[in-house]
Amino acid sequence: MLLRAAARRQPPRPQRTFVVAARKRPQQARAYSSPKPPHLTSKTLPRGRIGFVNGIRQLQKSLLNGFDQRPTLSELLPPDASITDVNKDDIKNLPRFDAAEDAEVLLCASETGFDLGVKRLRKALDNGQSTITLHGKELHCLGFDTERPPTFRKGFEQNSVSVLQLASHDLVVLFLLKNMRHIPASLQNLLEDDKVLKVGVALSEDTNALSRHAPGLTVRGLVDLAPLAEARFPSLTRRGLRGLVASLGGRRLSKHQSTASWGQRTYTPAMIRYAANDALAGLFCFSRILGHDREEDVRKAA
């Protein structure tokens, strides 16, 4: 009994901790600066819209080539103040945006797969399956987005890109960059092709992350929808992808998988659908900003 009582009074032994590997402190986020916009005067853009050059200069370049007298942005895309924000609470009641349900989704996890995915996208562009006509000009465009593991600590460098999504209207290709040490030449050539517009929201974050994955890569033909929507619809204040889908299409874009573990080995069907819909949503909003309704065109063709 005395031994048992003494054992009870003894203080618990400290738990032994083995340090396997000490993690280095992550580097602070680097400051990235976008290239300076070209010098523009009121002859090329309305004076109040000069600040939007960063987001729309590639679209302007595509549209204005061949014009004898360069029109203003307002003449190309007249402002429409009738489009307003959808209340956040009302977005929850909107029908879900799920364009991936009717599209083919292709996952590419090897260099051979990357080449095949690029070939399919090039074929879709050549067949006019991802072409929008504006003022008599054909714009070849792809929805553009990336996914990467979330960083929950403010001020630290973002993680590398795990998935790059490129989408035509009927095809979405998910390039699993997490499996690759480099970006194959076929994909790099497509990303650097300025004749193919890559449309999306907050593209500077995506391209900065891609440049860390592939130093020397310069993605060309970028059209950021946020400043373009601001110029086209002055009443809109929510110009993120979810807000644009709600205001321009009356749909609810799910963001439940935005903080998923994109660095994991396999993806769930929900993650694949989420990634595909993000790229398709960019293309959807770009069409609506330019005054095109693909769903209406399909109904007329039928």
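## Exercises on a predicted protein model

Thr207 is buried, with a relative accessible area of 17%, where buried means under 20%, exposed over 50% and partly exposed in between, using a 1.4 Å probe and protein chains only. This is a predicted model in which local features need pLDDT of at least 70 and side-chain atom pairs count only at pLDDT 80 or more, while totals for chains, interfaces and linings use all residues. Residues are numbered from 1 along each chain as its sequence is written, and side-chain values use heavy atoms, leaving out hydrogens and water.

**Exercise 1.** Find the place of Thr207 and what it touches.

*Solution.* Start with the secondary structure: helices (H or I, at least four residues) and strands (E, at least two) are DSSP runs, numbered from the N terminus. Thr207 sits in helix H7, residues 203–213. Next, look for contacts, meaning heavy atoms within 4.5 Å. Not counting residues up to four places away in sequence, Thr207 touches Val219 and Leu222.

**Exercise 2.** Where does pLDDT fall below 50, starting from the chain mean?

*Solution.* pLDDT is the predictor's confidence in each residue, from 0 to 100. The protein chain has a mean of 76, and 69% of its residues reach 70 or more. Residues 13–55 have pLDDT below 50, and this stretch has 49 contacts in the model beyond near neighbours in sequence. Over residues 297–302 pLDDT also stays under 50, and here the model has one contact beyond four places in sequence.

**Exercise 3.** Describe the largest nonpolar core and the elements that build it.

*Solution.* A nonpolar core is a set of buried Ala, Val, Leu, Ile, Met, Phe, Trp, Tyr and Cys residues joined through side-chain atoms within 4.5 Å. The largest one has 28 residues, and Leu225, Leu244, Cys285 and Phe286 have the most contacts inside it. Two or more residues each come from strands E2 (131–134), E3 (137–147) and E6 (196–200), and from helices H8 (225–232), H9 (241–249) and H10 (269–289). H10 gives the largest share, six residues. Now zoom in on Cys285: leaving aside neighbours within four places in sequence, Cys285 is in contact with Leu225, Leu241, Leu244, Val245 and Leu248. A second, separate core has 27 residues, including Leu166, Leu190, Leu191 and Ala209.

**Exercise 4.** Characterise the ring pair of Trp262 and Tyr267.

*Solution.* Two quantities are needed, because a pair of aromatic rings is described by the distance of the centres and the angle of the planes. Rings of Phe, Tyr and Trp (its six-membered ring) pair if their centres lie within 6.5 Å; planes under 30 degrees apart count as stacked, over 60 as edge-to-face and the rest as tilted. The structure holds four such pairs. For Trp262 and Tyr267 the centres are 5.3 Å apart with 75° between the planes, so the pair is edge-to-face. Trp262 is buried at 1% relative accessibility, and Tyr267 is buried at 14%. Finally, Lys178 lies over the face of Tyr267, 5.2 Å from the ring centre; the criterion is NZ of Lys or CZ of Arg within 6 Å of the centre and within 35 degrees of the ring normal.

**Exercise 5.** Is Phe97 buried or exposed, and which residues does it touch?

*Solution.* Phe97 lies in the loop between helix H4 (88–91) and strand E1 (104–108). At 4% relative accessibility, Phe97 counts as buried. Not counting residues up to four places away in sequence, Phe97 touches Val245, Arg251, Arg252, Leu253, Asn277, Leu280, Ala281 and Phe284. The C-alpha atoms of Phe97 and Ser254 are 7.5 Å apart, although 157 residues separate them along the chain.
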